[in-house]
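Subject: Structure handover

Hello,

Here is the structure I said I would pass on. Please open it next to this message, as the notes below refer to it throughout.

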Amino acid sequence: MLLHALLPSPVGTLTLVASDAGLAAVLWENDDPRRVPWAAASVAGEHPALAETARQLGEYFAGERRSFALPLDFRGTAFQRLVWEALIAIPYGETRSYGEIAAAVGSPKAVRAVGAANGRNPISIVAPCHRVVGASGRLTGFAGGLAAKVRLLTLESGAPFGNGLFRASAADARPPVQAPGAR
């Protein structure tokens with residue numbers, strides 16, 4: 001059985017979904033229900049993983065947490081789960097390109113497949129798909145919207161919101177910290 005709870009946050013109301021195995025999803029306020037279709041079967045309820053996720057996300061948004069210590073229940077193909085695990089390995093405040101993620105999962109030519117898996121990441125923020133950028137370093141699509149991606153990257157950069165460091169335009173935005181050797 002899947003249970004969910006709503007969490008108000010600086011990037012909108014998030015829907016947290018948990019199973020007996022742990023956190024299964026962090027969904028956006030206007031998330032396309034087809035992106036993580038099984039989450040729609042969840043019912044409102046209390047679960048220790050939901051309470052702990054809410055606590056840790058609160059610390060993250062307050063700038064007090066850089067990584068998460070939660071049991072995760074990734075539901076997807078073997079390749080998707082590899083990509084999602086690679087997302088967790090991206091350090092706080094850094095970005096990686098889709099090509100770098102493809103190389104990290106042992107499939108350097110599977111850049112488009114990595115992009116598709118990244119787009120289906122059910123555990124947003126915790127598995128930081130917002131830290132993945134285009135090969136040029138420009139911001140690309142994001143399930144929570146580019147404005148939310150900008151807010152998350154700005155939070156992680158340590159810069160105050162509204163400082164002009166990032167713009168929500170996919171054509172003009174740049175990530176806060178470029179990983180060494182990233183393109």
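The notes start with the whole chain and then go through the parts one by one.

This is a predicted model, in which local features need pLDDT of at least 70 and side-chain atom pairs count only at pLDDT 80 or more, while totals for chains, interfaces and linings use all residues. Residues are numbered from 1 along each chain as its sequence is written, and side-chain values use heavy atoms, with hydrogens and water left out.

Overall

The protein chain has five helices and six strands (DSSP runs numbered from the N terminus: helices are H or I with at least four residues, strands are E with at least two). Their order from the N terminus is β-β-β-β-α-α-β-α-α-β-α. Of the 183 residues in the protein chain, 48% are buried (under 20% relative accessible area; exposed is over 50% and partly exposed is in between, with a 1.4 Å probe and protein chains only). Taking contacts (heavy atoms within 4.5 Å) between residues at least 6 apart in sequence, 61% join residues at least 24 apart.

Strand β2 covers residues 14-19, and six of its six residues are buried. In a regular strand the side chains alternate between the two faces of the sheet. In β2 both faces are covered, with L14, L16 and A18 buried on one side and T15, V17 and S19 buried on the other.

β2 pairs with strand β1 (residues 3-7) in the antiparallel sense over five bridges (two strands pair if DSSP finds at least two bridges between them). L6 has T15 in β2 as its bridge partner. The hairpin of β1 and β2 has six residues between the strands, and G12 there takes a positive phi near 105 degrees.

β2 also pairs with strand β3 (residues 22-27), again antiparallel and over five bridges. These two strands form a hairpin with two residues between them, and A18 stands opposite L23 in β3.

T53 in helix α1

T53 is part of helix α1, residues 48-61. T53 counts as buried because its relative accessibility is 0%. Its side chain reaches the backbone oxygen of A49 at 2.7 Å. Apart from neighbours within four places in sequence, T53 is in contact with L16, L23 and L70.

Helix α2

Which residues of helix α2 (residues 78-88) are buried? They are Q80, V83, W84, A86 and L87. Seen down the axis of α2, these buried residues fall within an arc of 155 degrees, so they line one face of the helix (the arc is that of the directions from the helix axis to the C-beta atoms). They pack against α3 (98-104), α4 (111-119) and β6 (132-133).

C129

UniProt, in an unreviewed entry, places the feature "active site" at C129; UniProt positions are given in the numbering used here, feature names are shortened, and annotations may be inferred rather than shown by experiment. C129 lies in the loop between α4 and β6. At 5% relative accessibility, C129 counts as buried. Beyond its neighbours within four places in sequence, C129 is in contact with L87, N118, N121, S124, F142 and K149. One of these, L87, is also among the buried residues of α2.

Regards

Methods
A polar contact is a pair of N or O atoms within 3.5 Å; within protein, one must be able to donate a hydrogen and the other to accept it, and residues adjacent in sequence count only if both atoms are side-chain atoms.
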